[in-house]
Every structure is written in structure tokens, then in C-alpha cells.
Amino acid sequence: MHTLIFIGILLSVCMAALGLAAFFIRAWMRRRSDSEYFLFGLLTLCLATHTALMALGYYKAAFPTVELSVPLLADGLALTSKVALPLLLHFAVRYARVERPWRIMLPVYLVTAGFVALIIGGGWWAAVPSVFTTQRVLGMEIHQLAVRVTPFAYPFYVLVVVVVVAVIGLLGRVVLRGRREGTMALVGAI
């Protein structure tokens, strides 16, 4: 029962993120010079997709007999998280008006392409079978699907920390230089 409530919350977050993505992509379409709107819209769209896939994963965990491909679901979750990371950094780089942004972004996109190839090639997930577990969170029982990654996936988690620290630094610099509208983006990154 509690899992269904959690799924509803995730789907609500997904719908809000879809609306936000539509807003930012439409804003970019009106003024094509502001590419950070487009990047933020794509990032939000990617996160909405990730959230919807999370809801499907919890649904599959709560109702294991439902016909839903666990490997396909896990690959979708992995892909959306890998694509979101460079979009987040690219947004921060563009918003901070970094000169020659491709010096930073090209290596990040290349590394991301390597992770995507690893996922598509089947090298991301360990060969152990997925397991359904039940966790107690804030007094609620949440059914979830547990999977394991291969050691090839570990560098991604290091990259996450590096990118998040870089994004916080870039957005913090923007706010300290007087662009107060960046405060909410900084808070979101933190």
C-alpha cells in the first residue's frame, strides 16, 4: 500500500518536471540565443523520464507478476541518469558564460558516450539476478528492486561528484558576481 503512495508521488513529480521542461524549451524557442534554457529543458525532460522509470520500477517491485522487463527498465534508468549528468554541467557552463565551453564539455560528452555504450553493450549491470526487497522508510514499507553494477560503472560515481562540485562552483561564482536570479539554480544544485 505504501509503495503505491510513493509511486503516486513520483508520478506527480514527473508531471511537474514535464511541465517545467515544456516551459524552458518553449522559452528557448522564443529566444534562441539563450541556449541554457534549452539545456535546462532537456535536463528536466531527462529527469522526468528517470522519475517515471523509477515509478515503474517500484510498481514492478510491488507487483512482481506484472509483465515488465526488468533489464530494460534498469537500462532506461541507467541511461537517463548518464545523459542528465552532462546536461547539468553544460547548463551550468552556459549559464556561467564560460569561454570556450567545448573545452570542458567535449571530454564530458565523450566519457558519457562511453558509459552509454557500456550500458547498451550489457556491461553495466552485474550478472547477479535482480532481487525484490522491502525497506521501511519513515514507518512505511517500500518494495523496491535491487540490482548491482559492474566495477566498470564505478568511475561514473566519481564523475557525479566532480560534476556536482563543478556545477555548485560555477553557479556560486555567478551568484557572487551579482546575478541573483541564479540563486535558485544554486540552491537546486546544492
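Val-149 is buried, at 19% relative accessible area (buried is under 20%, exposed over 50%, partly exposed in between, with a 1.4 Å probe and protein chains only). This is a predicted model, in which local features need pLDDT of at least 70, side-chain atom pairs count only at pLDDT 80 or more, and totals for chains, interfaces and linings use all residues. Residues are numbered from 1 along each chain as its sequence is written, and side-chain values use heavy atoms, with hydrogens and water left out.

Val-149 sits in the loop between strand 2 and helix 5. Helices (H or I, at least four residues) and strands (E, at least two) are DSSP runs, numbered from the N terminus. Setting aside neighbours within four places in sequence, Val-149 is in contact with Trp-124, Trp-125, Ala-126, Tyr-154 and Tyr-157 (contact means heavy atoms within 4.5 Å). Trp-124 is 25 residues from Val-149 along the chain, yet their C-alpha atoms are separated by 5.6 Å.

Thr-150 belongs to the loop between strand 2 (140-146) and helix 5 (154-176). Thr-150 counts as buried, at 13% relative accessibility. Beyond its neighbours within four places in sequence, Thr-150 touches Gly-123, Trp-124, Trp-125 and Ala-126.

## Overall layout

The protein chain holds six helices and two strands. From the N terminus, their order is α-α-α-α-β-β-α-α. Along the principal axes, the C-alpha atoms fill a box of roughly 50 × 35 × 30 Å.

Of the 190 residues in the protein chain, 36% are buried. Take the contacts with a separation of 6 or more: 62% of them are between residues 24 or more positions apart.

## Helix 1 against helix 2

Helix 1 (residues 2-30) packs on helix 2 (residues 35-62) at an angle of about 165°, with the axes 8 Å apart. Axes are lines fitted to C-alpha atoms, for helices over the stretch in contact, and angles run from 0 to 180 degrees between N-to-C directions. The angle makes helix 1 roughly antiparallel to helix 2 (under 35 degrees counts as roughly parallel, over 145 as roughly antiparallel, 65 to 115 as roughly perpendicular and the rest as oblique).

The residues of this contact divide into 26 nonpolar, five polar and no charged. Here Ala, Val, Leu, Ile, Met, Phe, Trp, Tyr, Cys and Pro count as nonpolar, Asp, Glu, Lys and Arg as charged, and the others, Gly among them, as polar. Helix 1 passes helix 2 in a left-handed crossing. A crossing is left-handed if the near helix is turned anticlockwise from the far one by less than a right angle, and right-handed if clockwise.

## Helix 2 against helix 3

Helix 2 also packs with helix 3 (residues 70-95), at an angle of about 155° and with the axes 8 Å apart. Helix 2 and helix 3 are therefore roughly antiparallel to each other. Helix 2 passes helix 3 in a left-handed crossing. This contact has 18 nonpolar, eight polar and three charged residues.

## Aromatic pairs

The whole structure contains 13 aromatic pairs. Rings of Phe, Tyr and Trp (its six-membered ring) pair if their centres lie within 6.5 Å; planes under 30 degrees apart count as stacked, over 60 as edge-to-face and the rest as tilted. The rings of Phe-24 and Tyr-37 form a tilted pair, because their planes stand at 50°, with the centres 5.9 Å apart. Phe-24 lies in helix 1 and Tyr-37 in helix 2, so the pair ties together parts that are 13 residues apart in sequence. Phe-24 is buried, at 18% relative accessible area, whereas Tyr-37 is partly exposed at 31%.

The rings of Phe-156 and Tyr-157 have their planes at 75° and their centres 5.6 Å apart, so this pair is edge-to-face. Phe-156 is buried at 6% relative accessibility. Tyr-157 is partly exposed at 41%. Ring pairs also link Phe-23, Phe-24, Tyr-37, Phe-40, Phe-91 and Tyr-95 into a cluster.

Arg-97 lies in the loop between helix 3 and helix 4 (102-120). Its phi is near 55°, a positive value in a residue other than glycine. Arg-97 counts as exposed, at 60% relative accessibility.

Arg-100 is found in the loop between helix 3 and helix 4. Phi of Arg-100 is positive too, near 50°. Arg-100 is exposed, with a relative accessibility of 57%.
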